[in-house]
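Good morning, and thank you for making time for this presentation. I would like to take you through one structure, part by part.

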Amino acid sequence: MATAANKSTAPAQHDVDLLIEEYGYDDHFHEHHEGDKYQSNFFTTYIFSQDHKMIARQFLITGMFWAVIGGLMSLVFRLQLGFPEESLAWLKPVLGKWITINADTGLGTLAPEFYYALVTMHGTIIVFFVLTAGLSGTFSNLLIPLQVGARDMASPFLNMLSYWFFFMAGLVMFFSLFLSTGPFAGGWTAYPPLSALPQASSGSAGGMTLWLISLTFFVVSVLLGGVNYITTVLNLRTKGMNMWRLPLTIWAFFVTAVLGLLSFPVLVSGFFLLIFDRTLGTSFFLNEIFVGGQALDHVGGSPILYQHLFWFLGHPEVYIIILPAMGIVSEVLSVHSRKPIFGYKAMVFSILAIGFLSFIVWAHHMFMSGVNPFISNFFVVFTLIIAVPSAVKVFNWITTIYGGNIRFTSAALFGVGFVSMFISGGLTGIFLGNSAIDIQMHDTYFVVAHFHIVMGVAAFFGMFAGVYHWFPKMFGRFMNETMGKVHFWGTMIGAYAIFWPMHYLGMAGVPRRYYRFDNFDTFSHFSAMNQFITVAAILVFAMQIIFIVNFFRSIWFGKKMTSRNPYGANTLEWTTPIDVPHGNWPGKIPAVQRWAYDYGKGGEENVSQIVPLAEGEHDQGH
Amino acid sequence: MNTVATTNETVFTGRNKIHPHKFALYVACASIVMLFTAFTSAYIVRQASGNWLEFRLPDLFFVNTGVILLSSLTLQTSYWSFKRDKKEAYRGLLTLSFLLGLTFLVLQYKAWQSMAEIGVMLDGNPSGSFIYLISGVHAAHVLGGIAALFVALTHAFILPVKATPRRTLRFELVLIYWHFVGFLWLYLLGFFVVSAG
Ligand code: HEM
Ligand SMILES: [Cu+2]
C-alpha cells in the first residue's frame with residue numbers, strides 16, 4: 001500500500017479544496033445542518049443512523065456475520081459428503097439433537113433432515129443476505145452519494161428502514177435455526193409441494209413459515225433500498241455529472257436496483273400464493289397430492305407455476321448479485337492499472353443489455369420441469385445471447401489491464417481473480433444453456449460448480465476487491481496488504497480446488513442435494529474426490545478467517561490514511577476529507593467537469609473529475 | 001419524521017425538475033405494478049392449463065369502480081381547492097374522499113361475500129382463489145392509501161390551511177398514490193372481464 005500511496009500524483013489537498021470552492025455547487029447545506037440533531041448521540045450515530053456511510057458499514061458487517069454462518073454450514077455438510085463414515089459426535093455440543101450417537105459404536109451421524117436444512121440455509125443466506133444485502137447494500141450505500149456528488153440518499157429515513165428490515169429478516173431466519181422441527185429444508189428455491197404443505201417434511205412447518213416471513217422482510221429491505229438508489233442516481237447528481245460521466249460502479253448499482261424493483265415483487269407474488277396455499281387451503285401450486293398414503297383436498301394447482309414466478313425473480317437475482325461486483329471490478333481495475341476503462345460505453349450498454357436479457361431467460365432453469373420443448377428453444381436462444389454482453393465485458397476488463405502499469409494490490413488481485421472466475425463459470429453456463437445438454441447436467445454437481453464459480457466465488461471476489469479498495473474510505477485506515485495477498489492466493493487456488501472437480505462429478509451424473517453417495521456403486525469411486533473437495537473447503541474457510549482478522553484489526557490498528565486520495569483515483573469520493581463529515585463535503589458540493597477515467601491523459605497520471613477541461617480538450621464522457 | 005423532511009429539503013437542491021420523493025413514489029408504483037403483473041400472468045398461465053371454473057363476477061365490483069373513480073375526482077378537486085386556499089371545499093372534499101375510500105373497502109368485502117354465496121370459495125377452484133387473492137392484495141394497497149388520507153385529514157383540520165411547498169408536496173404524494181390504486185383497480189377489473197372472455 002505504501003507504494004500505491006507514493007506513486008499517486010493526486011493534487012495536493014488545497015488544490016482540491018480550491019477547485020471545489022471555485023467551481024462547486026453551493027446548496028447551503030451547512031447553514032441548515034449546524035449541530036445536526038439526529039447524529040448527536042450514540043444511538044443515532046451508530047445504531048439508528050441515517051447517514052449512508054454508516055448504513056453501508058452496517059450492511060457490510062451484518063453481511064460478514066451471515067457469511068461466517070453460511071460458510072460454517074457448508075463445512076458441516078461438506079464433512080458429511082467427504083467423510084460419511086467418520087464420526088461427527090464432536091459436533092453434538094453445537095448441533096444437539098441433529099447429531100445422533102449410536103449407543104454401541106459411539107459414532108455420531110448427522111440427521112439427513114438436518115443435512116437438507118443446512119444446504120437450504122446455506123443457499124438462502126449466501127444468496128440473499130450476503131451477496132445481495134452485503135454486496136449491493138454495502139456498496140450502493142457507500143458509493144452512490146459519494147460518487148454522484150450528493151449529500152446523502154434521497155430519503156435517508158427510508159434508507160435506515162432498509163437496513164433494519166434486513167436486520168429483522170436476519171433475526172427471523174436466525175431464530176428459525178433453533179426450532180425443534182428445524183429450519184426450512186426444501187432447497188433455497190423453495191419449490192412446492194415441500195414449501196406449500198406444512199406436513200410435507202419437518203422443515204416445511206414452522207421453518208418454512210419463518211423462511212417466508214424473513215424473506216418478505218428482506219424484499220421490503222431491497223425495495224426500500226432500491227427506490228432510494230434509483231432516485232438518488234437520477235435526481236441528486238451534482239452539477240456536471242451527466243449519465244455518461246458516471247463511474248461504472250454507479251451504472252452497475254443503478255441497473256441492479258432497477259432489476260430488484262422489477263423482479264422482487266414477482267417473488268412476493270409467489271410468496272402470497274404460497275402463504276395462501278399453506279394457511280388458507282387454496283390450491284395454487286398443489287394438485288392431487290398424497291402424504292403418508294392420504295389423499296389431500298388440494299386439486300387444480302400447478303407446482304410449475306411457482307417455478308415460473310420464482311425464476312422470473314431468480315434469474316435477475318443472479319445478476320443483481322453479479323452486476324455490483326462487475327461495477328466494482330471495473331473501477332478497481334482501471335484505478336490500479338492506471339488506465340482508462342476500455343470501452344466505457346460498451347460497458348454501459350452491456351450492463352443494460354444484461355439487465356434487459358436477464359428478464360427473458362428464466363425458463364433455462366426449467367428445461368427439465370416439463371416445459372414445452374419448443375418454448376425451451378426460445379429460452380435457449382436468449383440464454384446464449386446473454387453470453388455476448390458478458391463476453392464484451394470480459395474483453396474490456398482484460399484490455400483495460402493489458403499494458404497497464406498494474407499495482408498488484410489486494411484489491412487489484414481480487415479484481416483479476418473475479419475476471420478469471422467469471423470466465424470459467426460463464427463458459428459452463430453456455431453448456432447448461434443448451435437444453436439438450438441440460439438433460440444430462442440438470443440437478444447435478446455440474447450446475448453446482450457453474451453457479452458457485454460464476455456467482456458465488458466471483459461475487460465474493462468483487463466484494464473483497466471493493467472492501468480492500470474502499471476500506472480507507474470507510475474506516476480511515478488501510479487493511480494489511482500482506483495478509484490481503486495471502487487471503488487472495490489461498491482463496492483463489494482453494495476455490496478452484498473446490499469447484500473444478502465438481503464439473504467431473506456432474507458430467508458423471510452425480511446428483512446435487514444427496515445426503516451421501518458411498519452407497520451407490522456408480523459413484524463410489526468418487527469418494528477420494530469428495531474428500532479432496534471437503535479438505536479444500538476447510539482451507540478456504542481458514543483463509544477467510546485471515547480476512548476477518550485483518551478487517552477488524554485494521555479498523556483500529558491499520559495504517560492511517562494520510563492523504564485524501566491515496567490511489568490517485570478520479571472519482572468524487574476521494575475529494576472528501578479523510579474523516580468524511582455528515583453531508584460528505586464540508587463546504588460546497590464539487591462540480592464535475594469530465595468523465596471518471598482520465599488516467600494517463602496528456603502526460604498526467606490521473607486527472608480528477610473535478611478538474612476543468614483544458615481549452616479544446618475533448619471529454620470522453622461528453 | 002420532522003428531521004427527515006428537513007434533511008431532504010436541504011438535500012434536494014432545486015436543480016431537479018421533479019422532487020426526489022415524488023420520483024421515489026413513481027418508482028415504488030412501478031414495483032407494485034410488477035407485483036400485479038405477476039399475479040395476472042400467473043392467472044393466465046394457470047387458466048391455460050384447464051380445469052377452470054367460470055362464474056359471473058360480482059356486480060359490486062362494477063359499482064365499486066365508480067366509487068373509487070369518484071374518490072379520485074373528489075381528491076383531485078380537494079387538491080385544487082387547497083392550492084387556491086378554498087378552505088371549506090378542501091376540507092369537505094378531502095373528508096368525502098376518505099369516506100369513499102372506506103366505502104370501497106366495505107363494498108369489496110360485500111363483493112367477496114356475494115362470491116361465497118354463489119359457491120365460489122377461497123379454497124375452491126383456483127379461478128375463484130385468484131380473484132380473492134388479487135382483489136384482496138389490491139384492497140391492502142387501498143388501505144395504505146386510506147392511512148395516508150387519514151394523515152392528510154388530520155393535517156387539514158389541525159394545521160392552518162396554507163399551501164406551503166412542503167404541504168403541497170405531501171398532498172401531491174397522497175394524490176398520486178390514490179390515483180394509482182384507482183387505476184390499478186380499473187386495470188384489474190378490465191383484466192378479469194377480458195380474461196373471463
Ligand atoms: C453466460 C452466461 C450464463 C449462462 C448461459 C447460464 C446458464 C445457466 C443455466 C442453463 C442454468 C440451469 C442449469 C440447470 O439447473 O440445469 C444455470 C444455473 C444457474 N446459474 Fe447460470 N448461466 C450464466 C451465467 C450465470 C451468472 C452470471 C450467474 C450469477 C451471477 C449464474 C447463476 C446461476 C445459478 C445460481 C444457477 C443455479 C440455480 C439453482 O438451480 O440452484 N449464471 N445457468
Ligand atoms: Cu439463470
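Let me begin with a term: a donor here is an N, O or S atom within 2.8 Å of the metal, and since water is not among the atoms, a site may look incomplete. Please also keep in mind that what you see is a predicted model.

I start with the metals. The copper ion, ligand 2, and the iron atom of ligand 1 are separated by 4.5 Å. Which residues hold the copper ion (ligand 2) as protein donors? They are His315(A), through ND1, together with His364(A) and His365(A), each through NE2, and their distances from the copper ion run from 1.8 to 2.1 Å. Written as a sequence pattern, the spacing of these donor residues is H-x48-H-H. His315(A) belongs to helix H11 of chain A, residues 303–336, whereas His364(A) sits in the loop between helix H12 (344–357) and helix H13 (373–401), so this pair ties together parts of chain A that are 49 residues apart in sequence. Both His315(A) and His364(A) are buried.

Gln307(A) is another residue of helix H11 in chain A. Is Gln307(A) buried or exposed? Gln307(A) has a relative accessible area of 9%, and it counts as buried for that reason. Its side chain makes a polar contact of 2.7 Å with the side chain of Ser369(A). Setting aside neighbours within four places in sequence, Gln307(A) is in contact with Tyr191(A), Met366(A) and Ser369(A).

Next comes the loop between H11 and H12 of chain A, where Ser337(A) is placed. With a relative accessible area of 0%, Ser337(A) is buried. What does Ser337(A) touch, if residues up to four places away in sequence are not counted? The residues are Thr400(A), Ile401(A), Gly404(A), Asn405(A) and Ile406(A).

One more helix of chain A deserves attention. Helix H5 of chain A, residues 52–82, has 31 residues, and the distance from its first C-alpha to its last is 44 Å, close to the 45 Å expected at 1.5 Å a residue. H5(A) is mostly covered, with 25 of its 31 residues buried. At its start, a side-chain oxygen of Asp51(A) comes within 2.8 Å of the backbone nitrogen of Lys53(A).

I turn now to chain B. Its secondary structure consists of six helices and zero strands. Along the principal axes, the C-alpha trace of chain B spans about 60 × 35 × 25 Å. Chain B has 197 residues, and 52% of them count as buried. Among the contacts in chain B with a separation of 6 or more, 83% come from residues 24 or more positions apart.

Chain B has its own helix H5, residues 126–158, with 33 residues; this helix reaches 47 Å from first C-alpha to last, close to the 48 Å expected at 1.5 Å a residue. At the start of H5(B), a side-chain oxygen of Asn125(B) lies within 2.9 Å of the backbone nitrogen of Ser127(B).

Finally, the interface. The contact between the chains takes 45 residues from chain A and 33 residues from chain B. About 3,300 Å² of area is buried between chain A and chain B, and carbon and sulfur atoms give 74% of it. How many salt bridges are counted between chain A and chain B? The count is zero. One residue pair is found in polar contact across this interface, with both residues at pLDDT 80 or more. On the side of chain A that touches chain B, at least two residues each are supplied by helix H3 (29–32), helix H8 (156–176), helix H9 (206–235), helix H10 (248–279) and H11. H10(A) gives the largest share of that side, nine residues.

Key: Residues numbered from 1 in each chain as written. Chains lettered and ligands numbered in written order. Predicted model: local features only at pLDDT ≥ 70, side-chain atom pairs only at ≥ 80, totals over all residues. Heavy atoms only, no water. Donors = N, O, S within 2.8 Å, 3.2 Å for Na, K, Ca; no water. Helix = DSSP H or I, 4+ residues; strand = E, 2+ residues; numbered from the N terminus. Buried < 20%, exposed > 50% of the residue type's maximum accessible area, 1.4 Å probe, protein only. Expected span 1.5 Å × (residues − 1). Polar contact = N/O pair within 3.5 Å; in protein donor to acceptor, adjacent residues only side chain to side chain. Contact = heavy atoms within 4.5 Å. Buried area = accessible area lost by both parts, 1.4 Å probe. Salt bridge = Lys/Arg side-chain N within 4 Å of Asp/Glu carboxyl O.
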